[in-house]
Each structure stands twice: as structure tokens, then as C-alpha cells.
Amino acid sequence: MRIPPTSMAFTLLLGFLAALPSFGIDMSLPALTATGATLRVAPAQVGLTMSLFMLGFAIAPLLYGPISDRYGRKPVILFACLLFSVASVGCAMANSLAGLLAWRIVQGAGAGASMTIAFAIVRDLFEGHVARTRIAYITMATMVVPMIAPTAGIALLAFGGWRTIHVALGGVGTLLLLAMLLGFSESATLDPTSRLAPSVIARNYIRVLTHPSCLGYILVGAATFGSLFAYVSGSSLFLINEVGLRPGKYGLVFAATSLGIMCGSFSAAASAR
């Protein structure tokens, strides 16, 4: 059954799709110390799993964008969700730090399509203030996940250890795959004459990167996400290991930060009406 694009259910679906990276990062934050103990490495070394997840998350959209323009949003989303789910199972089965790091790169690459394609779908279907409002609501939905993901990670850690967290992440990816498979109809207008030649893709990216307006927005976005993910990747190691917060209190602190971002998104949505 297809979900109407104008419905709130469709916006929530895109919101949780865009929040897939938050699932991948925030649920595993409380388990860094426990993961290090199992793999017999320092928690700071396990922190590399966050950096490499972000590496995959950053590089993959450079390919997903052109491919989705040529073949559609839906095939890319389904592939990315499947990749995320498989990599999550790989993380759960890892017996060494090197193996875990390798699977985290793949997991990040799977999550890389989520936010990119979610916003592309909005651009496909909506224009003007309607599109801005939808993006703001999607951002609000993505902030719900960081409010609950660390607490969910703590519960899973207590229930079955850090591997259980990655099994649950595989389940999240599978649920999103099924939801997009059954509820989403292709939104892109496909151009069969468009080419995926590396030279064409590189030329298009160079044109975007050298455009003054685009470059300004890119730098603002990079600064925002850079500071956000620097906090995300280092907060658990600092607040739990250095400050001495218990995992439950850390979850509350993390949720408070997400609540602040959510309030800002709500204000943006209200001003876009």
C-alpha cells in the first residue's frame, strides 16, 4: 500500500529514513567501553568506529546522488538499507577491532543514502515554502532518534551486550527497507539519456563546488555537521569515562541536546509557513 506524499505518515517515513545515521551512531555510543573490553583494546581505539562510520557516510552520497538521478530514488534506498542491515550483522559478528572498523565503514556507506535521498525526494515532490516546511519537519523527526537511541542502546547493552545493539540496528535497516519497498513510489523524473561517466560526474561536482552560492551553503552545512558529530563521537568517552556520568544520565544529557535542535527545527518550520 503506497503512502500519499502529502500525508504526515510520509513525512515521518522520510524523517526516520534521514535518521538512519543517528541510529547507527547514537545507539552504539554507550557501548564503546564494553566493546573495547571484549576486543581487548582501549575505548579510545573503539572510538575510531565512529570516525570510520562517518567516513563511509560522507563518501557514499557522492555516488548515490548521480545514480539516483539516473535510475531513481527507490532502488538506491533499497540497496542502501540492505547494505546497512548486512553491515550491522557483520559488526555484531566481528571478533577483532580491524573487522569491526571495516564493517563500520560499510555500515556508514549504507546510512549515507538516507539523508541525501530523503531531501532529494522532498525536492522531487514539493516546491517553495511547502518544501522548506517538509524539510523542517523531517529534521524534527530525525531529532527524536538521538533522544531515544542512547537509552535504547543502554537497555540493549544491559540485556545482551554490545553485539545486540548491532543486531538491533540490522533490524532497523530491514524495517526501513520494507517500509520503503511497500510504501514509497518513485518520485524522480528519470532521464534515460543522462550519463554516469566519471568525467561527467566530476565535471558536475566541480561546477557545484565552484558556484559561490552553493559553496557558501556547503561550508555552513559542513561547519554545522562537523561540530555536531564532533560532539556526538566524543561525548560518550568524555562524559562517561572522564566526567563519570553513568550511562543513564549520559542518555539524558544527549537527549537534552537533541531536544534543543528539535525546538530550533520546529521554529524553522513555523517561520516557513
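Predicted model: local features only at pLDDT ≥ 70, side-chain atom pairs only at ≥ 80, totals over all residues.
Let me begin with one lysine: leaving out residues up to four places away in sequence, K74 touches R2, M180, L181, F184 and E186, where touching, or contact, means heavy atoms within 4.5 Å. Residues are numbered from 1 along each chain as its sequence is written, and side-chain values use heavy atoms, with hydrogens and water left out.

Now, back to the lysine. K74 lies in helix α7, which covers residues 73-93; helices here are DSSP runs of H or I with at least four residues, numbered from the N terminus. K74 is buried and yet has no salt bridge, since the nearest side chain of opposite charge, that of E186, is 7.4 Å away. Buried means under 20% relative accessible area, exposed means over 50%, and partly exposed is what lies in between, using a 1.4 Å probe and protein chains only. For charge, Lys and Arg count as positive and Asp and Glu as negative, while His and the chain ends are not counted. A salt bridge is a side-chain nitrogen of Lys or Arg within 4 Å of a carboxyl oxygen of Asp or Glu. What does the side chain of K74 reach instead? The answer is the backbone oxygen of F184, at 2.8 Å.

So where are the salt bridges? By the rule I gave, the count comes to two. In one of them D69 pairs with R73, with the closest N and O atoms 2.7 Å apart. In the other, the side chains of D124 and R73 meet at 2.8 Å, N to O. This second pair links distant parts of the chain, with D124 in helix α8 and R73 in helix α7, 51 residues apart. Because salt bridges can share partners, D69, R73 and D124 are joined into one network. In general, side chains of opposite charge can pair when their charged atoms come close.

Let me turn to the nonpolar interior. A nonpolar core is a set of buried Ala, Val, Leu, Ile, Met, Phe, Trp, Tyr and Cys residues joined through side-chain atoms within 4.5 Å. The largest such core has 57 residues, and those with the most contacts inside it are M27, I77 and I121. Helix α8, residues 97-125, gives the most to this core, with ten residues. If we leave aside neighbours within four places in sequence, I121 is in contact with F10, L14, R73, I77, F184 and S187. Two of the names in that list, F10 and L14, are also among the buried residues of helix α1, residues 8-18. The buried residues of α1 pack against α2 (20-26), α7, α8, α9 (128-160) and α10 (162-183).

Staying with helix α8, I would like you to look at Q107, which has its place there. Is Q107 buried or exposed? Q107 is buried, because its relative accessible area is 0%. The C-alpha atoms of Q107 and L83 are separated by 6.8 Å, although the two residues are 24 apart along the chain. G108 is also found in helix α8, and G108 counts as buried at 0% relative accessibility. Not counting residues up to four places away in sequence, G108 touches F53, G56 and F57.

Finally, the cysteines. How many disulfides does the structure hold? The number is zero, a disulfide being a pair of cysteine sulfur atoms within 2.5 Å. For C81, the closest cysteine sulfur is in C91, 16 Å away, and therefore too far for a bond. C81 counts as buried, at 2% relative accessibility, whereas C214 is partly exposed at 30%. C263, found in helix α13 (residues 247-272), is partly exposed with a relative accessible area of 44%.

Terms used
Polar contact = N/O pair within 3.5 Å; in protein donor to acceptor, adjacent residues only side chain to side chain.
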